[in-house]
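User: I am new to reading protein models and would like to learn how to look at pockets, strands and loops. Could you take me through them one at a time?

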Amino acid sequence: MKGLPSGEAPFFMGNIWKRSVSKVVVFWHGILRQAFSHKHGGKSTARMIIKKGASRMKIFTGFAAAVGLAFAAPSLVDAQTVTDPAKVQAGHYAVEAGHTQVVFSVLHFGFTNFQGLFSSASGTLDLDSKAPNASKFSITIPVSSVQTTSDKLTEELKGAQWFDAAHYPSATFVSKQVRRVGHDDAIITGDLTLHGVTKPETLKVHFVGAGVNPLDKKYTIGFDASGTIKRSDFGVKMYVPYVSDEVQLHVAGAFEKQD
């Protein structure tokens with residue numbers, strides 16, 4: 001169980017079960033004592049009290065079952081997750097847009113590292129787990145998906161002074177070289193096209209895990225990627241240097257196996 005040292009999960013769940021059983025016994029003892037103490041109300045009053053007790057008990061047992069599932073679920077997920085990249089299934093993958101995010105961060109007037117987000121990504125990954133250097137990767141992001149904590153700024157970023165989504169609706173990255181640099185890490189060099197300009201850029205990629213998604217039953221692989229670009233290289237120069245030229249990128253990428 002996540003969050004507990006090895007060997008303590010069974011002990012923890014055992015204690016919950018013991019406390020639950022104890023509470024059930026005390027609960028019914030109180031209900032029965034209350035029912036039989038109402039002599040003046042006769043059998044109908046006793047039956048009414050016991051019926052109410054049974055109704056409350058259903059709520060309690062339902063809650064207990066939900067708690068049990070909540071604690072058990074991580075163990076089921078953990079059992080399906082592969083963290084050794086050599087054991088990941090090779091093949092053709094597609095971006096799982098619902099759980100893929102591209103976060104960017106700029107230094108805002110020297111005060112804050114301000115972040116924004118792109119979503120609705122699409123793309124592919126051709127993975128060779130035995131020869132990772134032969135793998136290929138591409139991703140496309142609709143520029144109009146940009147989001148920030150300011151509605152006004154979000155609309156400005158889509159405009160002509162920034163990303164100009166009307167003329168340049170998407171940003172793409174296509175890998176040219178994958179170089180493994182550790183057990184779980186790789187350096188991917190490729191071409192980034194943004195604002196109508198294509199430049200070579202580099203991403204540091206870390207393998208997170210793979211396995212069957214317990215919800216949709218699809219084999220899924222996940223990576224974290226990071227990199228730094230200069231937005232002025234792509235013709236996005238608004239407020240440089242007051243808003244930093246350097247942009248930090250972080251990608252949480254999920255891919256589903258297609259074959």
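User: Which strand gives the most residues to the lining of the second largest pocket?

Analyst: The general idea is that rolling a probe the size of a water molecule over the atoms shows where empty space is left. In this predicted model, strand 8 contributes the most to the lining of the second largest pocket, namely 5 residues. About 450 Å³ of space lies in that pocket, and among its 19 lining residues the closest to the centre are Gly-209, Ala-210, Thr-220, Ile-221 and Gly-222. The elements that supply two or more residues to this lining are helix 2 (42–80), strand 8 (197–212), strand 9 (219–230) and strand 10 (246–257).

User: How many residues of that lining are nonpolar, polar and charged?

Analyst: The lining of the second largest pocket is made up of 8 nonpolar residues, 10 polar ones and 1 charged one.

User: Now to the loops. Where is Thr-100 placed, and is it buried or exposed?

Analyst: Thr-100 sits in the loop between strand 1 and strand 2. Its relative accessible area is 3%, and because buried means under 20%, Thr-100 counts as buried. Leaving aside neighbours within four places in sequence, Thr-100 is in contact with Val-95, Ser-119, Ala-121, Ile-139, Ala-252, Gly-253 and Ala-254. With Ala-254 there is also a polar pair, in which a polar atom of the Thr-100 side chain lies 3.0 Å from the backbone nitrogen of Ala-254.

User: What does Val-243 touch, and is it buried or exposed?

Analyst: Val-243, whose place is in the loop between strand 9 and strand 10, has 7% relative accessibility and therefore counts as buried. Apart from neighbours within four places in sequence, Val-243 is in contact with Val-106, Leu-107, His-108, Phe-109 and Arg-231.

User: Which class of accessibility does Val-181 fall into?

Analyst: Val-181 lies in the loop between strand 6 (170–180) and strand 7 (185–194), and at 45% relative accessibility it counts as partly exposed. Not counting residues up to four places away in sequence, Val-181 touches Ala-186 and Ile-187.

User: To finish, what order do the elements follow in the protein as a whole?

Analyst: The protein has 3 helices and 10 strands, which run α-α-β-β-β-β-β-α-β-β-β-β-β from the N terminus on. Of its 259 residues, 32% count as buried, and of the contacts with a separation of 6 or more, 55% come from residues 24 or more positions apart.

Note on methods:
Residues numbered from 1 in each chain as written. Predicted model: local features only at pLDDT ≥ 70, side-chain atom pairs only at ≥ 80, totals over all residues. Heavy atoms only, no water. 1 Å grid on protein atoms, 1.4 Å probe; cavity = no way out; pocket = protein on both sides within 12 Å on 5 of 7 lines; lining within 4 Å. Points joined across faces, edges and corners; volume = space filled by probe spheres on them. Helix = DSSP H or I, 4+ residues; strand = E, 2+ residues; numbered from the N terminus. Nonpolar A, V, L, I, M, F, W, Y, C, P; charged D, E, K, R; others polar. Buried < 20%, exposed > 50% of the residue type's maximum accessible area, 1.4 Å probe, protein only. Polar contact = N/O pair within 3.5 Å; in protein donor to acceptor, adjacent residues only side chain to side chain. Contact = heavy atoms within 4.5 Å.
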